[in-house]
Amino acid sequence: MAYEPQYYPGKTKIAQNRRNHMNPNVELEKLREIPDDDIVKIMGQRQPGEDYKTVHPPLEEMDLPEDYVRDLVEPISGAKEGHRIRYIQFADSMYNAPAQPYDRARTYMWRFRGVDTGTLSGRQVIEMRESNLEEIAKNFCIDTAFYDPAVCGIRGATVHGHSLRLDENGLMFDALQRYVYDEKTGHVLYVKDQVGKPLDEPVDVGEPLSPEKLVEITTIYRKDNIPMREDTELIKVVKRIHRARTLGGYMPTEDTFKDL
Amino acid sequence: MESEKKLFLKALKEKFEEDPKEKYTKFYTFGGWKQSKRKREFVEHAKEIMEKRGGIPGYNPDIGVPLGQRKLMPYKLSGTDDIVEGDDLHFMNNAAIQQMWDDIRRTVIVGMDTGHAVLEKRLGVEVTPETINEYMETINHALPGGAVVQEHMVEVDPALAWDSYAKIFTGDDELADEIDKVFLIDINKLFPEEQAEQLKAAIGKKTYQVSRVPTLVGRVCDGGTIARWSAMQIGMSFITAYKLCAGEAAIADFSYAAKHADVISIGTALPARRSRGANEPGGIPFGILCDVVQTTRVSEDPIEQSLEVVATGAMLYDQIWLGAYMSGGVGFTQYATAAYTDDILDDFSYYGYDYVEKKYGINSTKPTMDVVEDIATEVTLYALEQYDEFPTLLEDHFGGSQRAAVAAAASGISVCMATGNSNAGVNGWYLSQILHKEYHSRLGFYGYDLQDQCGASNSLSIRNDEASPLELRGPNYPNYAMNVGHQGEYAGIAQAAHSARRDAFAMNPLIKIAFADPSLVFDFAHPRKECARGALREFEPAGERDPIIPAH
């Protein structure tokens, strides 16, 4: 019997939004078109147009020992080329940012190969071969409904803001003020790269989504939107996991799980 | 709980001076670090220091991250009315936190019965209340650094060691009656009657000495020194008080008893990879910390009793042990203080108390999975909903680790209130963590991905190498050894079980009695208040070197 991934439990809109993120067959709404070079500028690791730095020769040119895992696993393109590994890190506001840290981690793992990701409360990093990273940073992480210019921050260090109140323009706090609200256009402009180095010219990442839209697409439970209390299926699954871990302990037997 | 009755509201209003329910505010307008009186003072001090040391630069808040882009919040010590700056809760800036650890580290308990048996059965020397009083007078001369046997000895200036003394306690009321009151830790006077009876029943007729080695000794040397310093002075005092021969074989028995056989250290020695000896924070089990804290003697409120243990544990395990000994960092204070400031954990815990009191009664139900799940789920959801409802509360606990620690601690404490079972409580903690993770799709720092995801598997096991009763676990328990925001809370959960049961002690009655001593510098009945006094610079510590340095 073929395994049918369920992605995430829960009967609420929040649970469905989480499933939509994780399910690679769901195409997220494309909301903006940020030029490739602008993404590269915000990431701050390569000059636009500059060749990718490599850390080893192309795999084809390398004399590697035989290993059947190499026959089983197709390397991603950046690995084939020997590109170095770089990162992009996001901070997501608890005020209804579209993606949230564990949602990001699970989404990356479901949708992409060659990913190394780390999750904390205030930031979520993804590391990949640089060329592959830039591709998903643009096409998935920033151009789609996975991102909002006001309540998602691209931040390498001094990331804090996820839990703070929003500023008067609805932007998430950033001690380094990497992005600002342009009152003339109503757009958010990045004036510094992700580690806070000033950019030669601002990068426009577009208009913030409306609060109504954020409430529709967010993946965080909130009492003033969809409270977790309402998602009885999710709570039931979490309790089941807890009970299985507790009663299974170090000697799980089938009996342990029979009546869960 | 109705909105206006939330315990944390007073602190939030003081901290932010804005509507705690408002989601929008202004940032970047507070004047950076200059908004903080304490940081301005730091800058002044740094200027003086730079001049004194020939221009070598030091503290400069304009280096690195721009501090103060948002309001640098003050903190209200929970359970008090004292509001202090965050910097003043760092253990380096807080003499009370330092003394709390000094007083624990410099304490060693030594059983007297072996020594007395050697005197009576081997040497035929009579031991009476009078000889014990004479011995106590001698040890109170020797322990701070006075000579008793050799005639050409250097000694310690008593002004440096005013905090050093020895006392005695016993479960034998008749003997206690005849001991000079200045030497006696009087169980009957210091504890409520029911607790005194429990304690005396637990220790029997035995007699113990409590040695308080000078604070300075612990600071210059280490916790492993304390039992040795105490043992050396005990041996010398026995020789003097009982007129023994300094070289006779029986002295070896006193030494063995005082150094090994009858010694109760506060913390056990740690494995080599932790690089610490006995009586260091990493070796202090949670149950022992419960017994060090004395709120059970002075308050009948089981939540307050538990929260004072959480606070002491946060200071000791998070700020001092993990925050400095183990990591060398300076930032752990921010995590740790979340558990004892702004009445937030208090609010969550009292909510849980009310919930279990109505539904189950206190210490009135068996620790089943259903009970743990019900209570931990309700308290966790309540706690997290408060962060949704009050944006300034969320901003106060701006790190996920802070929120995870207090929501789970309140859950664990509440489970203990219903069941009186600490392992059920810690199981509730773990359920809280994984519920929290799905609620916010985030939890704490990486550490919360470790122990809090696998902890349920060992929370109801007491088999060797798999787990332990929570009271016997400690900072060096596998998986607990590296994560801030846990250990103080675990200790509080252990205390909660015993508070619900109205136990006089959690793990070791000797520790509970030894720290009931009113002569201690730090008041272990009110650790949060003491911490506030330290932050407000009202606390007078021991271990100062003024008598031997130029006037300043």
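In this predicted model, chain A holds an open sheet of three strands. The strand order is E5-E6-E7, and the pairing is antiparallel. Strand E5 (179–182) and strand E7 (198–204) of chain A lie at the edges, so to speak: each pairs on one side only. From one strand to the next, the twist averages 25°. Four bridges link E5(A) to strand E6 (residues 187–192) of chain A, again in the antiparallel sense. One pair of bridge partners is A:Asp182 and A:His187, the latter in E6(A).

Chain A as a whole has nine helices and seven strands. Its C-alpha atoms fill a box of roughly 65 × 60 × 30 Å along the principal axes. The chain has 260 residues, and 43% of them are buried. Among contacts in chain A with a separation of 6 or more, 63% are between residues 24 or more positions apart.

Helix H1 (residues 13–22) of chain A illustrates burial. Seven of its 10 residues are buried, so the helix is largely enclosed by the rest of the structure. The buried residues of H1(A) are A:Ile14, A:Ala15, A:Asn17, A:Arg18, A:Asn20, A:His21 and A:Met22. Their cover includes three helices of chain A: helix H5 (101–111), helix H7 (211–217) and helix H8 (232–248).

Chain B also contains an open antiparallel sheet, here of four strands. The order is E4-E5-E3-E6. E4 and strand E6 (263–264) of chain B are the edge strands, and each pairs on one side only. Six bridges join E4(B) to strand E5 (residues 207–212) of chain B in the antiparallel sense. B:Thr170 has B:Thr207 in E5(B) as its bridge partner. B:Ile109 has B:Ile264 in E6(B) as its bridge partner.

Although E4(B) is an edge strand, six of its six residues are buried, so E4(B) is largely enclosed by the rest of the structure. In a regular strand, side chains alternate between the two faces of the sheet. In E4(B), both faces are covered. B:Tyr165, B:Lys167 and B:Phe169 are buried on one side. B:Ala166, B:Ile168 and B:Thr170 are buried on the other.

The loop between helix H5 (129–142) and strand E4 (165–170) of chain B holds B:Gln150. An unreviewed UniProt entry lists B:Gln150 under "binding site". B:Gln150 has 8 other C-beta atoms within 10 Å; a residue with 12 or fewer counts as exposed, so B:Gln150 is exposed.

Helix H5 of chain B also packs against another helix. The axes of H5(B) and helix H10 (residues 223–241) of chain B come within 9 Å and cross at roughly 135°. That angle makes H5(B) oblique to H10(B). The crossing of H5(B) and H10(B) is right-handed. On the H5(B) side, the contact involves B:Thr131, B:Glu134, B:Tyr135, B:Thr138, B:Ile139 and B:Ala142. On the H10(B) side, the residues met are B:Gln233, B:Ile234, B:Met236, B:Ser237, B:Phe238, B:Thr240 and B:Ala241. An α-helix has 3.6 residues a turn, so residues three or four places apart point the same way.

H3(B) contributes B:Ala95, B:Ala96, B:Ile97 and B:Met100 to the contact. H24(B) contributes B:Pro527, B:Glu530, B:Cys531, B:Arg533 and B:Gly534.

B:Leu7 lies in the segment before helix H1 (9–16) of chain B. B:Leu7 has 19 C-beta neighbours inside 10 Å and therefore counts as partly exposed; the cut-off for a buried residue is 20 or more. Leaving aside residues up to four places away in sequence, B:Leu7 touches B:Asp343, B:Asp346, B:Asp347 and B:Tyr350. B:Ala257 is 250 residues from B:Leu7 along the chain, and their C-alpha atoms are separated by 50 Å.

Technical notes: Residues numbered from 1 in each chain as written. Chains lettered and ligands numbered in written order. Predicted model: local features only at pLDDT ≥ 70, side-chain atom pairs only at ≥ 80, totals over all residues. Pairing = 2+ DSSP bridges. Helix = DSSP H or I, 4+ residues; strand = E, 2+ residues; numbered from the N terminus. Axes fitted to C-alpha atoms, helices over the stretch in contact; angles between N-to-C directions. UniProt positions renumbered as here; feature names shortened; annotations may be inferred. Parallel < 35°, antiparallel > 145°, perpendicular 65-115°, else oblique. Left-handed = near helix turned anticlockwise from the far one by under 90°. Contact = placed C-beta atoms within 7 Å.
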